[in-house]
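Q: Can we go through this structure together? Start with the terms, please.

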Amino acid sequence: MPDYYKLEATLEGHEQDVRAVAVLSNDLVLTAARDKTVRSWQRTGVNRFSPHNVFYGHDQSVNAIAAIPATDAHPTGLFASGGFDKLIHIYEPFTPSAPVYTLVGHTENVCALAVAENGDIVSGSWDKTAIVWKNFQQAYTLTGHTLNVWAVLPLDDDRVLTGSADKTIRLWKHGKEIKKFEGHTDAVRDLAVLPGVGFVSCANDASVRVWSLDGQCLQELYGHTAYVYSVAVLSTGEIVSCGEDRTARVWKDGECIQTLQQPCISVWSVAALPNDDIVVGGSDAVARVYTRDLERSADPEDIKLLDDLLANQAIPAAQVGDVDKNSLPGPEALDQPGSKEGQVIMVNINGAIEAYQWESANRTWQKLGTVVGGVGSGQKQMYQGQEYDFVFDVDIGSGPSGQFKLPYNLNQNPYDAAQKFLLDNELSPMYVDQIVDFITKNTQGVSIGQPSTQYQDPFTGGSRYTPSQGSATGASSGFMDPYTGSGGYHGTSSSSQHAPASLTPTQKARADIRKVLPLINYLSLKQANLDALHGKLKSLNGEQAAENQFGDAEWLMIQRLMDYLREPHSDDIPEEGLELLLKSCQAWTPETRFPLLDLLRLVALYAPEPLMSAIPNGRVIDFVTISSCIIDAASQFQISKAMETNGMLGYRALANLFNHEIGRKGIGPQLPQLLSALQTDIVLKYKGKSTKLAISTLTLNLAVYLTTVARDEDSEISLTGSILELIKQETDEENLYRLLTALGTVLTYSEPCIEMANLLEIKMQLNRLQHQTADRERMQAIIRKYIKKKAGH
């Protein structure tokens, strides 16, 4: 058996960085990612792992994962996952349903998880604490670190190690600190047990250190050239580490014996299988398994594919130091052996600078990629005694105390740079995605020698920063019908009425706000392309069961119904056509009924009284939520495209019911059912912009209804909770504006809702939105003048 690792398998399926990896057995591997999912991978061949299950319980990035040993109650074991949603979910690996348990206790991102042999769970968080969980209940909190707790490690006898961004490692027993380990010069990122010796740590100071439990640092291992994020220990006592320098490294007797180059900047996590294979996860959204066993090594074509990925990388010059092309050796340098494992050299080959790394095991130079210059303006910038490719000036809009410096090197992962910036300046971690987008925009193209010419401040600076979408303009500019791609739905509201032209833009926005809050008018979603809708019905009719297809007589009924909807006030709605529509909304297959639901949405707007008369017992809310599959969303891990479209049309129909008094009267007896359709376990499943606009419109109409027609404290509190959760997830400005207007309307009348909003940290959300929408006065005005006044102070 060779003593060096080769590729065994590639695990592809995630959409964003694989932040954490864990192992349940030699045949079952877990990965967690920024795409909000955890995935399991099962061995289906000697050198092959296939997708096994996907776990969708988190609604934000998943950053930590740990396996839990099998017990009599759970013979296949469990695993824990934690992330930015502050929750820890416990799952059965073979049952991708709802979590078996959810542990609530942290107040910020859960960034570290580890499990003791007895099943106790230890978690670390950006809230500067670690929590020990026994029998899935919080046992005690470890408080003492002054910054994020990035690493946790349970030992025996109820002892726990924690590592923190405050550069220290601490040992705890029965919840009390008993020892502090100091030596790292930057944030401690991970810990692992080293049997017979003590433990291993790694840190942002680019070092791996070996410690005894009495506090002595036994070894310092240097080889990484940037942050070291994760460590694992093999059964042989060898150490594996990975970090921000594109590598995983294997250490033996204090020396690096192998460097595993990865085709990504950030190698976030490494774990060892029982057979001493290793799995590595990185910022290319891929995890890779490596083995020393020749029988398990990957097929030659898979190994070549990885080699090609590595060779074709564009490596910023910042990663390998200053480059003087004229002084570099030519290709003859590759004929000479390297001096040590992992040595990197640059070679001038026909004018191109290529980087190579020495692999001692194969005694060959592995091409790492082509080195590119173009670091900013061509010169390094100094900040706090270090050189950086960029040092951005960031103004968060609060006077001189709001001026910050954001240093960044092209070889850094933007997420890590953003997190460090927020941590160093004690800014809220919820802005991490905002800062990442800013870094990406302001360094686009620079890594290939094209300097960036447009500077965008992430909070207030020039070329105003717009979160999530570079030119987001609200729903009215890009809201498409599901079957024609045209005919936008543009809700009309009092907020769209402009103030007199003589006002400045700021005055105009504030004048509009005064008209809006509390809102007393209902919004509608009424635009439609009936000709396109008719054509779609024709094309889908043949896909139905014979007894549900429209014949000539039925087509005549539908045509008369559509004629009425073109001029809804010209005559009474055709009863036969209405009855056929209601029957077909439940008889046609869910995948094809969306044109019928769109007709139903228009009927709800123009003829609510006949609609409720035609529905058994007048239970229009039940009919709409069942026909549009809204009621089924809560039981789905991920809704289908058909469910998304049907749900969007169902929410439109519910919103339209409010536009007539008779429709509002029909809502009253079914108010609990309507509130159920707005519970977070349902609405947060919908991701489409069109659906979110329909939900925010319904939310706004319901807020007006509850504050003007049917005052009900429990309903108002329930709606407030849903609105706050929707605000946390929303990025589109038009949807946010409607949600904030709905919230402001409710808070205007309800002190209990104000209390609930404060309990749910409304002030934090409003501060976030104030930064994200710094250049949109309409948003600033509604936050500053009304909602923040009501709930934020």
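A: Contact here means heavy atoms within 4.5 Å. This is a predicted model: local features need pLDDT of at least 70, side-chain atom pairs count only at pLDDT 80 or more, and totals for chains, interfaces and linings use all residues. Residues are numbered from 1 along each chain as its sequence is written, and side-chain values use heavy atoms, with hydrogens and water left out.

Q: Leaving aside neighbours within four places in sequence, which residues is tyrosine 651 in contact with?
A: Ile630, Ala677, Leu678, Ile682, Val683, Tyr686, Thr691, Ala694, Ile695 and Leu698.

Q: Which residues have the most contacts inside the largest nonpolar core?
A: Leu600, Val603, Leu611, Tyr651, Leu654, Leu702 and Leu719, in a core of 92 residues. A nonpolar core is a set of buried Ala, Val, Leu, Ile, Met, Phe, Trp, Tyr and Cys residues joined through side-chain atoms within 4.5 Å. Buried means under 20% relative accessible area, with a 1.4 Å probe and protein chains only.

Q: Which helix gives that core its largest share?
A: Helix 16 (residues 689-708), with 9 residues. Helices are DSSP runs of H or I, at least four residues, and strands are E runs of at least two, numbered from the N terminus.

Q: What does the second core include?
A: That separate core has 18 residues, among them Leu7, Ala232, Leu234 and Ala248.

Q: Why is helix 12 largely enclosed?
A: Because 14 of its 16 residues are buried, helix 12 is largely enclosed by the rest of the structure.

Q: And the whole chain?
A: The chain has 21 helices and 36 strands. Of its 793 residues, 56% are buried.

Note on methods
Buried < 20%, exposed > 50% of the residue type's maximum accessible area, 1.4 Å probe, protein only.
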